[in-house]
Amino acid sequence: MAERFIEAGSPYVLKLEKADVYRLPYLSSSGPGFALLEATKKANFNDITSRISSGFATGSWDKPILVTWGISDKYLPQSVAEEFQRGNPDFVKLKLIEGAGHMPQEDWPEKLVDALRLFF
C-alpha cells in the first residue's frame, strides 16, 4: 500500500535557479545532449523492462525496490507507479509524495530522504 506524505500549505514549486542545474549543461554545449542521445540509443529499454517483467512473472525477482512518486506529476499518472507495484507487491514499495511533481527529489528532497531512511 502506498503511503502519502501530507504537507500543510501550498505545494513546493521548483525554482528556476534550481532547474538550471539540469538545463545549463545543455545550454552551454551540445556535448551533453549528444552524449545523452547516444546513451539512450544504446540502452535497450525493451530488454530491460522485459527482464524485470519476466522476473516479476516467474517470481524470481527478489530485490527490494522503492518507488517514490510525486502525486502532482504532470507527465506520468500515479497509476503507472501503482501498476508497477502490483507487478510484485512483496518487493516493490511505493511512497506517494503529496505536493511533489515529476521530480520529487527536487520538489521535496526531505520527504524523499525520509522515505529512503524508512526503506533502508
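Helices (H or I, at least four residues) and strands (E, at least two) are DSSP runs, numbered from the N terminus. With that in hand, welcome to this protein, whose secondary structure comes to six helices and three strands. Reading from the N terminus, the elements run β-α-α-α-β-α-β-α-α.

This is a predicted model, in which local features need pLDDT of at least 70 and side-chain atom pairs count only at pLDDT 80 or more, while totals for chains, interfaces and linings use all residues. Residues are numbered from 1 along each chain as its sequence is written, and side-chain values use heavy atoms, with hydrogens and water left out.

**The protein as a whole**

- Of the 120 residues, 24% count as buried; here buried means under 20% relative accessible area, exposed means over 50%, and partly exposed is in between (1.4 Å probe, protein chains only).
- The protein exposes about 8500 Å², and carbon and sulfur atoms supply 60% of this area. Accessible areas come from the Shrake-Rupley method with a 1.4 Å probe, and for residues only the protein chains shown count as cover.
- A contact means heavy atoms within 4.5 Å. Among contacts between residues at least 6 apart in sequence, 69% join residues at least 24 apart.

**Strands β2 and β3**

- Strand β2 (residues 65-70) pairs with β3 in the parallel sense, over six bridges. Two strands pair if DSSP finds at least two bridges between them.
- To get from β2 to β3, the chain passes through helix α4 (residues 78-87), and this β-α-β crossover is right-handed. Right-handed means that, with the strands pointing away from the viewer, the path from the first strand over the helix to the second runs clockwise.
- Strand β3 (residues 92-97) is mostly covered, with five of its six residues buried.
- Opposite Leu96 in β3 stands Trp69.
- Thr68 has its place in strand β2. Its contacts, not counting residues up to four places away in sequence, are Lys95, Ile97, Pro104, Leu112 and Ala115.
- Thr68 and Leu112 are 44 residues apart along the chain, and their C-alpha atoms are separated by 7.1 Å.

**Helix α3 and its residue Phe56**

- Look for Phe56 in helix α3 (residues 45-58). Phe56 counts as buried because its relative accessible area is 14%.
- Leaving out residues up to four places away in sequence, Phe56 touches Trp61, Ile65, Phe84, Gly87, Asn88 and Val92.

**Salt bridges**

- A salt bridge is a side-chain nitrogen of Lys or Arg within 4 Å of a carboxyl oxygen of Asp or Glu.
- Asp47 forms a salt bridge with Arg51, and their closest N and O atoms are 3.5 Å apart. Asp47 is partly exposed, at a relative accessible area of 33%, whereas Arg51 is exposed, at 57%.
- Asp62 and Lys63 form a salt bridge, with the closest N and O atoms 3.3 Å apart. Asp62 counts as partly exposed because its relative accessibility is 46%.
- Asp114 forms a salt bridge with Arg117, where the closest N and O atoms are 3.5 Å apart. These two residues are about one helical turn apart because Asp114 and Arg117 lie three residues apart in helix α6 (residues 109-119).
- Asp114 is partly exposed, at 36% relative accessibility, while Arg117 is exposed, with a relative accessible area of 61%.

**On the surface**

- Tyr75, Leu76 and Val80 make a nonpolar surface patch of about 300 Å². Patches are made of residues with over 30% relative accessible area and no salt bridge: like charges are joined within 9 Å, and nonpolar side chains (Val, Leu, Ile, Met, Phe, Trp, Tyr) within 5 Å.
- Tyr75 lies in the loop between β2 and α4. Tyr75 counts as exposed because its relative accessibility is 62%.

- Lys18 is found in helix α1 (residues 16-28) and is partly exposed, at 34% relative accessibility.
- Lys18 and Glu106 are 88 residues apart along the chain, and their C-alpha atoms are separated by 8.1 Å.
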